[in-house]
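Please open the model in your viewer and keep the selection panel at hand.

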Amino acid sequence: MGNAFNLGRLFGIQVRLHYTWFIIFVLITVSLSWQYFPFYYHGWSWLMYWMVGIASSLLFFSSVLAHELSHSLVSRSGGIPVKSITLFIFGGVAHIAREPEKASAELKMAVAGPACSLAIGGLFGLLWFLTRGTFEPLAAIAFWLAQVNVVLAAFNLIPGFPLDGGRVFRSILWRATGNYGRSTRIATRVGQGVGYLFILGGILIMFILHNWFSGLWLVFIGWFLDNAASASYRQAQWREALQGFTAADVMTADYPVAPSDITVSQLVQHHVFPSGRRFFMVADEGRLQGMLTLHNIKSVPRQDWDVTLVRQIMIPVDKLKIAYLNQDALSIMEQMDESAINQIPVVSEGRVVGFVARDDMIRFLRTRSELGI
Ligand SMILES: [Zn+2]
């Protein structure tokens with residue numbers, strides 16, 4: 001997820017705010033301050049409604065953060081590092097480095113989030129119980145947060161991947177059958193089903209109840225769930241298919257190379273036109289210096305092509321994602337997914353030996369399946 005602001009670190013985990021978070025923060029704050037609190041509680045000043053609305057909204061997102069943090073800390077205690085937590089329009093997501101290797105680890109990790117939300121809900125419930133009848137605004141905040149945290153836990157326990165309940169479901173299937181791939185496929189299919197149900201429910205709410213906002217919101221959530229489930233489904237298929245292969249198996253050694261000290265004109269004349277390729281590795285005597293795409297060439301005005309060197313416009317090697325010859329193919333795939341790139345140079349002892357393109361991986365797997373091996 002790009003376009004996010006760093007908020008700092010909590011327990012060593014980077015916390016980020018995606019720009020879409022500001023949309024949901026404003027929506028929730030406004031609807032609380034303008035509708036919810038004035039509807040249920042009368043006679044406060046407008047300043048009080050807004051202060052209570054903003055405080056509730058901030059505490060809600062802190063609760064979401066605590067939920068993700070619980071997943072993350074349990075994951076990390078099981079040996080799987082967590083890179084960051086991002087809050088975005090549909091809630092929060094923890095970027096966990098890889099999938100757990102055991103069903104029991106996954107179960108613990110998945111349950112941690114909803115358990116945390118239930119606990120927070122319980123604490124706010126207690127706070128409400130202690131403050132009701134004393135200071136109404138505080139009791140109102142506590143009551144709302146107790147409710148939403150319980151709803152958050154319940155929503156996340158819906159048994160469709162990638163929701164926590166889907167992970168719980170997968171870990172149970174996984175433990176029962178011992179088949180990770182099949183369990184993932186079933187849990188992600190259920191997740192897609194849940195997504196479709198949300199979309200259908202949203203459409204019904206829009207057209208039958210004429211509640212456009214809630215309906216549209218449900219449709220969006222359904223669409224998001226369906227997307228996330230399909231992505232996990234594809235990933236599970238990749239994971240199974242790529243098991244046991246390394247960069248050396250899936251890379252191609254037929255890659256276009258250009259030296260770094262020629263001009264852009266020379267590059268276009270002697271490399272781009274004759275080969276028809278859209279990207280080039282830049283290497284001097286086998287040493288990888290960088291990479292270059294047609295996009296980089298286009299960024300230079302035509303009249304400067306004779307005086308600009310390839311070195312000046314390439315993406316330098318220290319900014320490139322690089323794969324190693326004996327790196328397993330699956331982690332290369334994950335690396336490409338993470339950085340949203342389609343090709344990656346393969347390096348061995350500083351020398352470029354090939355590159356892996358997403359298309360090549362697909363071709364490689366297809367050829368193997370056609371040959372029946
Ligand atoms: Zn969760």
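This is a predicted model: local features need pLDDT of at least 70, side-chain atom pairs count only at pLDDT 80 or more; totals for chains, interfaces and linings use all residues.

Residues are numbered from 1 along each chain as its sequence is written, and side-chain values use heavy atoms, with hydrogens and water left out.

Begin by selecting strand 1 (4-10) and strand 4 (91-96), together with strand 2 (residues 13-18) and strand 3 (82-88); helices (H or I, at least four residues) and strands (E, at least two) are DSSP runs, numbered from the N terminus. These four strands form an open sheet of mixed pairing, in the order 1-2-3-4, where two strands are said to pair if DSSP finds at least two bridges between them. Strand 1 and strand 4 stand at the edges, each with a single partner strand, so one side of each is left without a neighbour in the sheet. On average, neighbouring strands of the sheet are turned by 25° against each other, direction ignored; axes here are lines fitted to C-alpha atoms, for helices over the stretch in contact, and angles run from 0 to 180 degrees between N-to-C directions.

Now follow the pairings across the sheet. Strand 1 and strand 2 pair in the antiparallel sense over six bridges, with F5 opposite L17 in strand 2, and the two strands form a hairpin with two residues between them, where F11 in the turn has a positive phi of about 55°. Strand 2 and strand 3, by contrast, pair in the parallel sense over four bridges; select Q14 to find it opposite S84 in strand 3, and R16 to find it opposite T86 in strand 3. From S84, continue to H95, its bridge partner in strand 4: strand 3 and strand 4 pair in the antiparallel sense over six bridges, and a hairpin joins them through two residues.

Is strand 2 buried or exposed? Six of its six residues are buried, so strand 2 is largely enclosed by the rest of the structure; buried means under 20% relative accessible area, exposed over 50%, and partly exposed in between (1.4 Å probe, protein chains only). In a regular strand the side chains alternate between the two faces of the sheet. In strand 2, I13, V15 and L17 are buried on one side, and Q14, R16 and H18 are buried on the other.

**The zinc site**

Next, select the zinc ion with H67, H71 and D164. The angles among the four donor atoms are 55 to 151°, and the site is irregular. In sequence the donor residues are spaced H-x3-H-x92-D. H67 in helix 2 and D164 in helix 5 (residues 164-177) are 97 residues apart and link distant parts of the chain, and both H67 and D164 are buried.

**The nonpolar cores**

Turn to F37, F60, F61 and W144, the residues with the most contacts inside the largest nonpolar core, which has 29 residues; such a core is a set of buried Ala, Val, Leu, Ile, Met, Phe, Trp, Tyr and Cys residues joined through side-chain atoms within 4.5 Å. Centre on F61: leaving aside its neighbours within four places in sequence, F61 is in contact (heavy atoms within 4.5 Å) with W21, I24, F25, I28 and L87. Apart from this core lies another, of 17 residues, among them F245, I344, V346 and V356.

**Two single residues**

Select A247, in helix 8 (residues 247-250), which is buried with a relative accessible area of 0%. Beyond its neighbours within four places in sequence, A247 is in contact with residues including Y324, L325, A329, V346 and V356; the C-alpha atoms of A247 and A329, 82 residues apart along the chain, are separated by 5.4 Å.

Finish at N296, in helix 10 (residues 294-298), which counts as buried at 13% relative accessibility.

Key: Donors are N, O and S atoms within 2.8 Å of the metal (3.2 Å for Na, K and Ca); water is not among the atoms, so sites may look incomplete. Four donors count as tetrahedral if all angles lie between 85 and 135 degrees; four count as square planar and six as octahedral if opposite donors are over 155 degrees apart and all others between 65 and 115; anything else is irregular.
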